[in-house]
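Please keep the sequence and the 3D view open while you read.

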Amino acid sequence: REVKSNVYTEVFDGGTQGIFVDRLPVNNVKQVTEYDGSRYADLVGPATDGSYVNEDWEDSNVTAKGNAKLRTRIKKFGQSSIKFDGAGDYVTVTDPDSDNPKFDYSTSDFTIEGQFRLDLLNNTKCLFSQVKDADDFYALRYNSSVGLQFDVYSGGTQVMNLAHGTTTGYSANSNTFMHVAVARSGTRIRLFRDGSELAGITTSNTMPTVGTSYDVELGRLNLTATEEMTGYVDEVRVTFNKARYTADFTAPAYPFTTDNDTTVLIHFNGTNNSTSLQDDAV
């Protein structure tokens with residue numbers, strides 16, 4: 001028989017140590033899930049070298065706030081994405097391990113990335129942030145004046161500011177998600193959209209020490225100007241001690257997978273209108 005090269009999904013009833021797939025040869029496996037009685041939960045795959053993924057990081061607590069809910073009609077990958085209505089909707093990501101904090105980057109390499117669909121571009125919309133106070137915070141946002149922006153304050157001083165510099169090429173309510181990433185490698189930090197580098201700076205400045213007492217938030221900035229997002233978020237991943245992107249790349253065509261450097265991985269998979277979210281990093 002002829003089997004075309006494509007992405008296939010297969011469902012199996014049973015199997016604890018092995019399964020027999022219908023379509024061979026298999027180039028690679030993108031995702032394995034198991035139905036737990038209420039939803040399909042992702043199973044942790046091997047690291048890139050084939051070894052088991054370590055469990056040095058505790059799973060974050062991921063909580064929907066306001067009226068934020070999963071929607072199955074609109075998503076980038078998988079079953080669903082999460083919808084924000086711009087009126088008090090956001091998601092918190094709480095780090096439970098104060099002894100091994102996953103968001104205290106200091107001078108370490110890191111990558112923050114996700115799939116975002118903006119339904120409104122009328123003002124500034126925060127995508128990903130962590131705020132201690134007005135003097136110490138960082139924010140990945142769509143700025144209505146300069147496009148995508150990564151803005152960092154430490155000790156009351158702006159220590160990093162990467163901005164696209166234009167709002168050209170952004171569209172609202174277009175049924176398309178954009179992959180947004182910020183990555184630091186050594187003293188170089190870069191901002192990407194759909195695999196293209198928009199801005200980059202070289203700096204030895206450190207990221208603010210926010211600690212585990214202050215949540216990462218998706219969809220708003222926890223300051224006076226909340227910059228609430230209207231739209232959808234799918235596939236958010238945080239990587240510590242590794243810059244996944246140091247030059248232009250092909251935007252992800254599949255859901256993210258975990259590895260030893262992944263500290264947070266949220267697929268936003270679930271049933272319609274659900275508020276049950278989880279971290280699948282380990």
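## Terms and ground rules

Let us begin with burial: a residue is buried under 20% relative accessible area, exposed over 50%, and partly exposed in between, using a 1.4 Å probe and protein chains only. This is a predicted model, in which local features need pLDDT of at least 70 and side-chain atom pairs count only at pLDDT 80 or more, while totals for chains, interfaces and linings use all residues. Residues are numbered from 1 along each chain as its sequence is written, and side-chain values use heavy atoms, with hydrogens and water left out.

## The chain as a whole

The chain has 17 strands and zero helices. Both are DSSP runs numbered from the N terminus, with helices being H or I of at least four residues and strands being E of at least two. Of the 282 residues in the chain, 45% are buried.

The accessible surface of the chain is about 13700 Å², and carbon and sulfur atoms hold 42% of that. Such areas come from the Shrake-Rupley method with a 1.4 Å probe, and for residues only the protein chains shown count as cover. Among contacts (heavy atoms within 4.5 Å) with a separation of 6 or more, 65% are between residues 24 or more positions apart.

Which residues make the nonpolar surface patch of about 600 Å²? The patch is made by Phe12, Ile19, Val21, Leu24, Val26, Val29 and Val32. Patches are made of residues with over 30% relative accessible area and no salt bridge, joining like charges within 9 Å and nonpolar side chains (Val, Leu, Ile, Met, Phe, Trp, Tyr) within 5 Å. Ile19 is found in the segment before β1 (33-35), and its relative accessible area of 47% makes Ile19 partly exposed.

Strand β1 contains Thr33, which is partly exposed at 34% relative accessibility.

## Aromatic pairs

A pair of aromatic rings is described by the distance of the centres and the angle of the planes. Rings of Phe, Tyr and Trp (its six-membered ring) pair if their centres lie within 6.5 Å; planes under 30 degrees apart count as stacked, over 60 as edge-to-face and the rest as tilted. The whole structure holds eleven aromatic pairs. Tyr105 and Phe240 make a tilted one, because their ring centres are 6.0 Å apart and their planes meet at 40°. Tyr105 sits in the loop between β6 (90-94) and β7 (110-118) and Phe240 in strand β16 (residues 230-240), so the pair ties together parts that are 135 residues apart in sequence. Tyr105 is buried at 0% relative accessible area, and Phe240 is also buried, at 12%.

Phe137 and Tyr153 form a stacked pair, with 5.2 Å from centre to centre and 15° between the planes. Phe137 is buried at 6%, whereas Tyr153 is partly exposed at 24%. One aromatic cluster is formed by Tyr105, Phe110, Phe128, Tyr138, Phe150 and Phe240.

## Charges over rings

A charge sits over a ring if NZ of Lys or CZ of Arg is within 6 Å of the ring centre and within 35 degrees of the ring normal. Arg220 lies over the face of Tyr90, 3.7 Å from the ring centre. The charged end of Lys83 sits over the ring of Tyr232, at 5.5 Å from its centre.

## Salt bridges

How many salt bridges are there? The count is nine, where a salt bridge is a side-chain nitrogen of Lys or Arg within 4 Å of a carboxyl oxygen of Asp or Glu. Lys102 and Asp279 meet in one of them, at 3.9 Å from N to O. Lys102 lies in the loop between β6 and β7 and Asp279 in the segment after β17 (262-266), so the pair ties together parts that are 177 residues apart in sequence. Lys102 is buried at 0%, and Asp279 is buried at 5%.

Glu113 and Arg237 form another salt bridge, at 2.9 Å from N to O. Glu113 in strand β7 and Arg237 in strand β16 are 124 residues apart, and both are buried. Asp259 pairs with Arg244 in a salt bridge of 2.9 Å, N to O; Asp259 counts as buried at 7% relative accessibility. Finally, salt bridges with shared partners join Arg141, Asp151 and Glu227 into one network.
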